[in-house]
Amino acid sequence: MEKKEIVDLIIKGKYIITMSNKGEISRGAIAIRNSYVVDVGSEDYIFSKYRGEVIHEYPEHIVMPGLVDCHVHTQQLFLRSSITDYELQLPPIWTKYLIPFEKMLSKDLAYLSSLISFMNMIKNGITFFVEAGAPYPEEVVRAAKDIGIKGVVTASTFNVMNGEIYDTKEVINNTLKLLRLKTEKINIWCSIRQLMMCTEDLIESIAELCRKYKVGLILHLAEYQGEIDFCLSKYGLRSLEYLESKGLTKIRPFIAAHALYLSPKEIDIVKRRSLGICWCPTVDAYLMGHHWLSLYADDVVFSIGSDGGAFSTLDLFHEAKIARAISKAFTASFSYTKTALNSRTLLRALTGQGGSIIGQPIGKIDKGYKADIIAVNTKRLQHIPLYNPIEALVNFIEGSSVDAVYIDGNKIMDQGTITTIDENNVIEKLYSVIPLLNTMVKELKKNIKLFKI
């Protein structure tokens with residue numbers, strides 16, 4: 001009899017969605033060793049070849065790669081439910097409401113906001129995040145370490161806001177300091193908060209820093225018509241055309257968040273350069289409108305982002321439903337096409353395009369990929385009957401159905417409870433600061449002047 005290979009863990013599931021060329025496996029199993037997937041296949045195949053030191057069974061679950069939130073603001077969560085239609089009209093909301101609130105945070109509040117953001121994310125099956133620019137990025141790193149999630153952290157990078165100009169060297173130095181905090185699980189990238197908020201020398205310095213330290217770039221791009229007019233007036237080019245002229249589109253990884261207002265020429269740049277686009281369906285629909293990705297989803301490297309807890313529940317399964325509905329509405333009214341943004345394409349986006357959008361071996365259950373895996377409970381009334389697991393995931397299942405989360409093969413959520421922190425203790429801390437948060441939000445709203453609705 002052939003001797004079986006010993007692995008650390010075998011995970012069994014009713015359905016295994018591999019997101020690789022192995023497709024979907026009914027009654028499948030995954031062999032894991034040293035944080036990596038060793039093999040995946042049918043139960044009979046895996047148990048004929050491997051002996052697991054530990055075996056975890058999910059007989060009524062879809063087991064799949066963890067989700068990737070490619071654009072999140074972890075230190076805006078305490079604005080949750082404070083943003084009404086009045087604030088949505090602020091021109092623009094980030095300089096008048098979001099960033100001013102971030103400036104009001106203490107380090108302790110920033111840490112707590114980041115930690116609670118990660119709690120929400122893990123409970124919704126998100127195993128990797130890209131923080132788009134935090135006022136206290138070191139607190140994002142600390143919270144991520146404490147809870148065990150993986151991701152990218154960036155500093156909030158800008159040097160122009162509301163008429164004030166900040167020192168470029170000091171702004172760049174914030175990222176240089178942050179680079180020292182890189183770990184195996186936490187990558188440090190550069191960010192551009194918004195082109196209108198950066199002088200040309202800062203943009204050039206960011207590009208140089210990315211090239212020198214071989215780090216990625218995330219930026220808010222083409223999310224605001226005023227930005228297009230600004231770039232045309234100042235540079236004679238549209239937003240992405242300007243970045244192309246400066247060589248920033250050669251940086252890898254590269255994620256442009258939102259990126260709604262792109263011309264056909266700019267969309268060609270996205271395709272030619274294989275740039276990563278992060279669509280935030282709820283926020284983009286609130287503030288901007290239909291996304292051109294509805295027409296080009298199969299031709300572009302794109303992923304899905306929550307844009308943080310100020311606008312969403314940090315549930316990417318829910319965001320997928322918003323994206324699908326928006327795409328169908330747009331293409332059906334535009335060309336009476338009802339097949340836009342199919343479920344498989346959207347599931348690839350939810351899992352980070354096999355890690356290609358962030359340059360990491362995640363997003364697939366396949367040999368050599370990190371064992372970032374979630375188990376979704378299908379034995380729920382709202383999921384029955386279940387004929388097609390992929391259609392169920394995209395169209396019916398929400399983050400609340402995630403029962404278990406593994407990161408690097410370690411189970412950090414079991415039966416809906418996070419194992420790496422004391423959830424009740426964190427919630428108690430949150431309740432203790434709510435009076436202070438109420439005072440902060442009231443003060444913030446006092447300083448806003450806008451016409452009455």
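I classed the lining of the second largest pocket: nine nonpolar, four polar and two charged residues. Ala, Val, Leu, Ile, Met, Phe, Trp, Tyr, Cys and Pro count as nonpolar, Asp, Glu, Lys and Arg as charged, the others, Gly among them, as polar. The model is predicted; local features need pLDDT of at least 70, side-chain atom pairs 80 or more, while totals for chains, interfaces and linings use all residues. Numbering runs from 1 along each chain, and side-chain values use heavy atoms, without hydrogens and water.

I looked up the volume of the second largest pocket next: about 280 Å³. Its lining has 15 residues, with Phe78, Arg80, Leu430, Ile434 and Leu437 closest to the centre. Helix 16 (423-446) gives the largest share, eight residues. For the terms, a pocket is an open set of points on a 1 Å grid over the protein atoms alone, where a 1.4 Å probe fits, with protein on both sides within 12 Å along at least five of seven lines; lining residues have an atom within 4 Å of a point. Volume is the space filled by probe spheres set on the points, joined across faces, edges and corners. Helices are DSSP runs (H or I, at least four residues), numbered from the N terminus.

I then took the largest pocket, at about 550 Å³. Among its 19 lining residues, Ala134, Pro135, Pro137, Ser156 and Asn174 lie nearest the centre. Helix 6 contributes the largest share, five residues.

Technical notes:
Helix = DSSP H or I, 4+ residues; strand = E, 2+ residues; numbered from the N terminus.
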